[in-house]
Amino acid sequence: MSETKKPKRQKVYTLLVEVGRKEDDGLPDGATGAALMCYASGVDEAEAVRETVAVLKQADLAPLDVSGYGTLEERLAEGHDIPDEERVLMQQALDNNAVIVAQMTPFYEDEGETRH
C-alpha cells in the first residue's frame with residue numbers, strides 16, 4: 001500500500017556563505033573571514049539556508065551573508081557549466097540530507113577587498 005502522506009521532495013541548493021572571524025573558527029592566521037561554497041539539501045532554498053547557517057554556527061564559524069545560486073536544474077537552465085566533481089558533491093548532500101562545504105576561500109585585508 002502507498003503511504004497517505006508523502007515526504008516533500010528534497011533538492012540541493014548551491015550557496016555561497018561569507019563568514020567573519022570568531023575565536024576557534026579554524027580559519028587561517030591573518031584571514032579576516034572567508035567565502036564557503038556549500039551544497040545543502042532542503043525542501044526549499046530557505047530551509048537549505050537555515051540548515052547551512054545552523055551547521056556553520058555549530059562548527060564555530062560566524063556566517064554573515066548567504067547568496068543562493070539555486071538547484072542543479074536552475075543553474076543548468078542559466079547556462080552554468082557544472083563539473084562532474086560538483087555533481088557528485090551535490091548528490092552526496094542529497095543522499096545524506098547534509099550540508100557539504102565544497103570550497104573555502106579565505107579573505108585577507110591586504111587583498112584590497114572592500115568589506116561591508
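**Entry 1: Arg75**

I began with a side-chain pair: Arg75 and Thr14 make a polar contact of 3.0 Å. By polar contact I mean N or O atoms within 3.5 Å; within protein, one must be able to donate a hydrogen and the other to accept it, and residues adjacent in sequence count only if both atoms are side-chain atoms. The model is predicted, so I noted the limits: local features need pLDDT of at least 70, side-chain atom pairs count only at pLDDT 80 or more, and totals for chains, interfaces and linings use all residues. Residues are numbered from 1 along each chain as its sequence is written, and side-chain values use heavy atoms, without hydrogens and water.

I placed Arg75 in helix α2, residues 72–77. Helices here are DSSP runs of H or I with at least four residues, strands are runs of E with at least two, and both are numbered from the N terminus. Is Arg75 buried or exposed? Arg75 is buried, because its relative accessible area is 9%. The cut-offs are under 20% for buried and over 50% for exposed, with partly exposed in between (1.4 Å probe, protein chains only).

I then listed what Arg75 touches, taking contact as heavy atoms within 4.5 Å. Beyond four places in sequence, Arg75 is in contact with Thr14, Tyr39, Tyr69, Gly70, His80, Ile82, Glu86 and Met90.

**Entry 2: salt bridges**

How many salt bridges does the structure hold? I found two. The criterion is a side-chain nitrogen of Lys or Arg within 4 Å of a carboxyl oxygen of Asp or Glu.

One joins Arg75 to Glu86, with the closest N and O atoms 3.2 Å apart. This pair links distant parts of the chain, with Arg75 in helix α2 and Glu86 in helix α3, 11 residues apart. Glu86 counts as buried because its relative accessibility is 19%. Leaving out residues up to four places away in sequence, Glu86 touches Tyr39 and Arg75. I also checked Glu86 against Ala102: they are 16 residues apart along the chain, and their C-alpha atoms are separated by 8.0 Å.

The side chains of Arg21 and Asp25 form a salt bridge too, at 2.8 Å, N to O. Arg21 is partly exposed because its relative accessibility is 37%. Asp25 is buried because its value is 7%.

**Entry 3: the sheet**

I traced the strands next. Four of them form an open antiparallel sheet, ordered β3-β1-β2-β4. Two strands are taken as paired if DSSP finds at least two bridges between them. The edge strands are β3 (62–71) and β4 (99–108), each pairing on one side only. The twist averages 20° from one strand to the next.

How many bridges join β2 to β4? I counted nine, with β2 covering residues 31–42 and the two strands running antiparallel. Tyr39 stands opposite Ile100 in β4.

Helix α3 (residues 84–95) lies across β1 (11–20), β2 and β4, at about 65° to β2. Axes are lines fitted to C-alpha atoms, for helices over the stretch in contact, and angles run from 0 to 180 degrees between N-to-C directions.

Ser41 is in strand β2. Ser41 counts as buried because its relative accessibility is 5%. Its side chain makes a polar contact of 2.7 Å with the side chain of Asn97. Contacts of Ser41 beyond four places in sequence include Gln10, Lys11, Ala48 and Leu94.

Glu47 sits in helix α1, residues 45–58. Glu47 is partly exposed because its relative accessibility is 22%. A polar atom of the Glu47 side chain lies 2.6 Å from the backbone nitrogen of Val43. Outside four places in sequence, Glu47 is in contact with Gln10 and Gly42. Glu47 and Tyr13 are 34 residues apart in sequence, and 9.8 Å apart in space, C-alpha to C-alpha.

**Entry 4: nonpolar cores**

Here I looked for sets of buried Ala, Val, Leu, Ile, Met, Phe, Trp, Tyr and Cys residues joined through side-chain atoms within 4.5 Å. The largest such core has 12 residues, including Tyr13, Leu15, Leu36, Cys38, Ala48 and Leu61. The elements giving two or more residues to this core are β1, β2 and α1. Another core, of six residues, lies apart from it, with Ile82, Met90, Ala93 and Ile100 among them.

Last, I looked up Leu15. Not counting residues up to four places away in sequence, Leu15 touches residues including Leu36, Cys38, Val49, Thr52 and Val66.
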